[in-house]
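Me: I would like to go through the charged pairs and the strands of this protein with you, one question at a time. Could you show the sequence and the structure before we start?

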Amino acid sequence: MLKGINQWCYPDGTPLEKVFEYSQRAGFDAVELNMNPNGGVGLTMETTLSEAESIAAMAKRYDLKLRSLSTALFWEFPLSDPDKAVRKKGQEVLRKQIELAEAMGMDTVLVVPGIVNSRTPYETCYANSRVSIETILPQAEQAHVRIGLENVGNKFLLSPMEFVSYIDSFQSPALGAYFDIGNALHYGYPEHWIKSLGERIFKVHAKDFSESNQSVPLLAGDVNWKDVMTALYEIGYNDTVTAELTPYKTGPELLAYDTARHLETLFNWAKPV
C-alpha cells in the first residue's frame, strides 16, 4: 500500500510546493490534491491543462505520486439537486475533475454522489444522481479515469449492501467506491464495509473519530484499525491509503510526520506473515 496525504491536512493557503515539500520529507508516497473554489490555492475550475501539467511536474520533482483528485464542490452543487441548473453545475465540476486528472496522470476522482436533505427526498436523490453520473461516465471511460463514490455524511447509501447495489447498477468498470474508513464508523463497522465492497474499492481515505463524534488523529479514535487493515489486505487492496485530517494549528508540517508514522504502523499490523 502507498502512504498518502490529502492537501486539506495542511492549513488553508499553504502553497502547493510547501505541501509537496512537507509530504516528501515526512516520507509519503502520494499527495491527494483538491479542486477548490476559484481563488483557492492549487487546482480550481479555472485551472488550465497546461497549469495542471506544471503542478504534476512539480510533484514529480519531489518524487510524489498524484493518484487521485478530490473536491468539496459537490456539497455546493449536488449531482442530485432538484434544480436542474445546480445539477448541471455539479456535472461541470465532475467533467473538470476528469479533465485535470487525465492531464496529471491521476486514475481516480472522488465524487459525492448525492445529498439527501429537506429539498431532496431519498428517491429524488437516487434518481437524479444516477442520471448525472450516467451522463459523465462515457467521458470517464474514454479518459481512463475512474469515478470513486465516497461514503460520506450525505444521508444517502447508508449500508454497504446498498452501496454495492448502487455501484453495480451502472455496470461500468470506471465506477467504484472511494472508501472512507472514518465515515463508515457512523453507520456500522468499516471492516464490514470493506469486505462487502471488495474489489469495487478504488481508493481509501483514512481518518478516525472518537465516541463524541469528533475528528481525532489516527489511532486516537474508535476505528478498529487492526481489523480494518486486515480486511484491506484480505480483499487484495494495494493502492493509496490517504490521510484526510484536520490541520494542526501550530507546526502544520508536524502532522505530516505524525501521520506518516501512524500509517506505517497500520500497514505493518496486518502484513501477511
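Me: How many salt bridges does the structure hold?
Reply: This is a predicted model, in which local features need pLDDT of at least 70, side-chain atom pairs count only at pLDDT 80 or more, and totals for chains, interfaces and linings use all residues. Residues are numbered from 1 along each chain as its sequence is written, and side-chain values use heavy atoms, with hydrogens and water left out. With a salt bridge taken as a side-chain nitrogen of Lys or Arg within 4 Å of a carboxyl oxygen of Asp or Glu, the number of salt bridges in the structure is 15.

Me: How many residues apart in sequence are the parts that D239 and R67 tie together?
Reply: The side chains of D239 and R67 meet in a salt bridge, at 2.7 Å from N to O. Helices (H or I, at least four residues) and strands (E, at least two) are DSSP runs numbered from the N terminus. D239 lies in the loop between helix 9 (225-234) and strand 11 (240-243), and R67 in the loop between helix 2 (49-61) and strand 4 (68-71), so the pair ties together parts whose separation in sequence is 172 residues.

Me: Which residue is the bridge partner of T108 in strand 6?
Reply: Two strands pair if DSSP finds at least two bridges between them, and strand 5 and strand 6 pair in the parallel sense over 4 bridges. Strand 6 (residues 146-150) has 4 of its 5 residues buried, so it is largely enclosed by the rest of the structure. The bridge partner of T108 in strand 6 is R146.

Me: Which residue in strand 7 stands opposite I147?
Reply: Strand 6 and strand 7 (residues 175-180) pair in the parallel sense over 4 bridges. In strand 7, the residue opposite I147 is L175.

Conventions: Buried < 20%, exposed > 50% of the residue type's maximum accessible area, 1.4 Å probe, protein only.
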